[in-house]
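Please open the structure in a viewer and keep the selection tool at hand.

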Amino acid sequence: MMNKLLFHGSPKIVEKPLLYQGKSSNDFGPGFYCSEDRDLAKEWAVSYKRNGYLNKYEINIEDLNVLDLTEEDDGLFKWIALLLLNRPISIDLETKERFIDLYKPNTFFTDIIIGYRGDSSFFSFLDEFLHSEMDQKILKKIIKKSGLGKEVVLVSQKAIDKLKFIGCESVAYQDCYRLKQIRDEKQRDIFIKNFNQKDIFNFKRKNLALFLDYGVNVLNVSLEGLWSRFLLNDKSIRFAKNDYGVITGISGIELAYSVTEFAYDKSYIYEQSDTVESWLGSYLAYAQDKLNVSFQFINKYVPITELLSLYHPFHLMSEDKFVDFLRTALKVRKGKTNLEIYRREAKLSRSELSKKSGVPLRMIEHYEQRLKNINKANSEYLLSLADSLYIEPENLLEIE
């Protein structure tokens, strides 16, 4: 007797599962999704401020055709092929179709599919994998380490008919939702640590381009409105500081839904195009990284709509030409040094700031008059000035 105990997390009690009640955009297409992992299924049962149920089943798989993608030699590639076939993953169409043609398994006679659980933390990593020479064994180690968990999916009526409901229990979101978030954060952290700095930089450009393109042309938010929401969101600060979790942990599409707070339509597949918004996102991410200033700082002196107007002629030039223009514009328009701007905002005279920070008055005068380069200041002076003005030390640095 080959019996399995399965769990299905749901907002409702499911005594009689239906074969096609699962979405066609789920990992393996339509089917009844379960897990042998009780805790994982409990996480599936809840969402933010919504309780759910853990449904329990028994099934005898002795005469069922089971495709276990976690055990077969090339199962990992077959699993990825099914994800690419069914999930709305933002990967270029040519790469996607080529991989599916090579590795898609024949599931026509399959009753049950067992595979790793696909989620956004892995999808962010998947694009890099498909364009690299990473060995399947290395990828498998990373996936196992990430703790994605396995799902058992019933994909035939024969399998559904053998499923026996044996009870259920209620699941409170307070108990499981935070665990769900912690698991997701851990997975993202494991995947993104396998990127190098060049990968991070490329993702930064790609995702900001996709964010602006999708937000304006699909969600129909004005460029100015979308950018304002981005700047008010803490993700913009993390994005500027090359935070792995924001740059590679979520896609540009997910970022657009996050800052606009629109409902995320995962079933919609979008192929990014060469729009002016896409160009702006890519060039702006490049410039922000090279200038090492915040997006808020850039927007204060050069608004996003003005940057968009630079499409002609800068889209025909290199990114470095765009950086040179932006560097000059920021220097000219800002006029005063950052130290003077923050000192005035704090309503302090130079003398008062000197007493408060312990930095000599003459040194403060020289920094503000650009007679001395604050970027080369004694670290103790820089920290004392920043603490006295209640800002981060990097906010005092000037564009060079």
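Select helix H2 and helix H3: Phe-77, Lys-78, Ile-80, Ala-81, Leu-84 and Leu-85 in H2 meet Lys-96, Phe-99, Ile-100 and Tyr-103 in H3. Contact here means heavy atoms within 4.5 Å. By class, this contact holds eight nonpolar residues, no polar ones and two charged ones. Ala, Val, Leu, Ile, Met, Phe, Trp, Tyr, Cys and Pro count as nonpolar, Asp, Glu, Lys and Arg as charged, and the others, Gly among them, as polar.

The model is predicted: local features need pLDDT of at least 70, side-chain atom pairs count only at pLDDT 80 or more, and totals for chains, interfaces and linings use all residues. Residues are numbered from 1 along each chain as its sequence is written, and side-chain values use heavy atoms, with hydrogens and water left out.

Helices (H or I, at least four residues) and strands (E, at least two) are DSSP runs, numbered from the N terminus. Now look along H2 (residues 75-86) and H3 (residues 93-103), whose axes come within 9 Å and cross at roughly 130°. Axes are lines fitted to C-alpha atoms, for helices over the stretch in contact, and angles run from 0 to 180 degrees between N-to-C directions. H2 and H3 are therefore oblique to each other.

Next, select H19 (residues 350-357) and H20 (residues 361-368): their axes come within 9 Å and cross at roughly 120°. Arg-350, Ser-351, Leu-353, Ser-354 and Ser-357 of H19 make the contact with Leu-361, Ile-364, Glu-365 and Glu-368 of H20. Three nonpolar, three polar and three charged residues make up this contact.

Move to helix H12 (residues 252-260), where eight of nine residues are buried, that is, under 20% relative accessible area with a 1.4 Å probe, protein chains only. Among them are Ile-253, Leu-255, Tyr-257 and Val-259. Glu-261 follows H12 and has a positive phi, near 65°.

Finally, select strands S1, S3 and S7, which form an open antiparallel sheet in the order S1-S3-S7. S1 (3-10) and S7 (164-171) stand at the edges with a single partner strand each, so one side of each has no neighbour in the sheet. Two strands pair if DSSP finds at least two bridges between them; S1 and S3 (residues 52-60) pair over eight bridges. Within this pairing, His-8 has Asn-55 in S3 as its bridge partner. Helix H1 (residues 38-45) packs on the sheet and touches S1, S3 and S7.

Definitions and conventions:
Parallel < 35°, antiparallel > 145°, perpendicular 65-115°, else oblique. Buried < 20%, exposed > 50% of the residue type's maximum accessible area, 1.4 Å probe, protein only.
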